[in-house]
Amino acid sequence: MSTHRRGAFIVIEGLDRAGKSTQHARLCQNLENQGHRVKRMRFPDRTTPIGRSIDAYLKGESQQEDHVIHLLFSANRWETAASIRTAIEEGTTVVTDRYYCSGIVYSAAKGRDDLSLKWAREPEVGLPRPDLCLFLDITPEAVAKRGGFGNEKYETSAMQKRVRELFYELMQLPDGQEIKVIDAGRGIEDVERDIMERVLRMMAQTKMTEGLESILPW
Ligand code: ADP
Ligand code: 2DT
Ligand code: MG
C-alpha cells in the first residue's frame, strides 16, 4: 500500500455576500501558516476564454440561452479538472471559492421545467469530488445588512431566496455527504475559527493515502 499523502480538496460555497471570498483568503493563509502547500482557485475563473464569456454574461454585456450558459460554467470547471488532480496528487491542498454546487443551484433556480436540479448536475459527473464542502449559510435579512446588491445577473432577492432553498434541497441528496453548514451570520473571526476546526477534523478523518474520488451519477 502507498504511504504517499495527497493534498485535500476543499470547497467554500454559499450565497452572494455570505463571506466566501473573505473566508477563502483566510483559510488559505491559515493552512499555509500550518505548513501546507495551497493552490487557490475560484469559479467562475473569469481569466480563460470560456471564463471571459461567462464574465460578459454576468455583467449583462452578452446574452446566452440558459442551458448554454450552464454548460459554459461546467466547461469552466472541466478545463481545470486535470490541474486540480495533479496538484492534489503532488500533495498540494486545493481550496476553491465556489464549485459545482453553485453551478447546479443557480441554474436550477431559474425555475425552468427543462432545467431541473438533476439535469443541471449531469455535466458535473466525473469532476474531482471535494473532501469537504463548507456551505456558508446566512439569512437574506442578515445579508442585506452587508450593503446593496451589485449589478450582476443573479443579484436579486428573489433569485437569492430560491438559491438558498435549492442549496438545502441538494444537501438532502447524496451530494450532501461532504457538505457542512457553517453559520456565516457571525463575526469574521468566529466563522474563520469554525471553518479551520472543520477542515482539521476532515484532514484527520480522511485517508489521504487514497486517491481523490470523482462526482458520481445519481
Ligand atoms: P462573498 O464572496 O460570499 O460574496 P465577501 O467575502 O466578498 O462575500 O463579503 C461580502 C461583504 O461582507 C464584504 O464587504 C465583506 O467585508 C463583508 N463580510 C464578510 N464576512 C463578514 C462577516 N462575517 N460579518 C460582516 N461582514 C462580513
Ligand atoms: P462570484 O464571482 O461573485 O462568486 O459570482 N455561478 C457560479 C453560476 O451560476 N454557476 C456556476 O457554476 C458558478 C461557479 C453564482 C459568480 C456568479 O456566478 C454564479 C454567482
Ligand atoms: Mg466572492
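**Ligand shells, core and backbone**

Helices α1 and α8 each supply at least two residues of the shell around ligand 1. Helices here are DSSP runs of H or I with at least four residues, strands are runs of E with at least two, and both are numbered from the N terminus.

Before I go on, the conventions. This is a predicted model, in which local features need pLDDT of at least 70 and side-chain atom pairs count only at pLDDT 80 or more, while totals for chains, interfaces and linings use all residues. Residues are numbered from 1 along each chain as its sequence is written, and chains are lettered from A and ligands numbered from 1 in the order in which they are written.

Back to ligand 1. Its shell consists of G14, D16, R17, A18, G19, K20, S21, T22, R146, G187, I188 and V191; a residue is taken as near if its C-beta atom, placed from the backbone, lies within 6 Å of the molecule. With three residues, α1 gives the most to this shell. By class, the shell has three nonpolar, five polar and four charged residues. Here Ala, Val, Leu, Ile, Met, Phe, Trp, Tyr, Cys and Pro count as nonpolar, Asp, Glu, Lys and Arg as charged, and the others, Gly among them, as polar.

R17 is not a glycine, yet its phi is positive, about 65°. Is R17 buried or exposed? R17 counts as buried because it has 22 C-beta neighbours inside 10 Å. The cut-offs are 20 or more other C-beta atoms within 10 Å for buried, 12 or fewer for exposed, and partly exposed in between, with C-beta atoms placed from the backbone.

Now ligand 2. Around it are F43, P44, L58, F73, R98, S102, G103, Y106 and Y154. The largest share, three residues, comes from α4. This shell divides into six nonpolar, two polar and one charged.

Two backbone details belong to this shell. F43 and P44 are joined by a cis peptide bond, with omega about -5°, and P44 is in the loop between β2 (38–42) and α2. R98, in the loop between β3 and α4, is a residue other than glycine with a positive phi, near 75°. R98 is buried, since 21 other C-beta atoms lie within 10 Å. For background, most residues other than glycine have a negative phi, and most peptide bonds are trans.

Next, the core. The largest nonpolar core has 39 residues, and I10, C101, I104, V105, L134, L136 and I182 touch the most other members. Such a core is a set of buried Ala, Val, Leu, Ile, Met, Phe, Trp, Tyr and Cys residues joined through C-beta atoms within 7 Å. α4 gives the most to this core, with six residues. Neighbours within four places in sequence aside, I182 is in contact with L134, F135, L136, D137, V191, D194 and I195, where contact means C-beta atoms, placed from the backbone, within 7 Å.

Last, one helix pair. Helix α2 (residues 49–58) packs with α3 at about 145°, the axes being 9 Å apart. Axes are lines fitted to C-alpha atoms, for helices over the stretch in contact, and angles run from 0 to 180 degrees between N-to-C directions. The residues of this contact divide into seven nonpolar, three polar and one charged.

Note on methods:
Contact = placed C-beta atoms within 7 Å.
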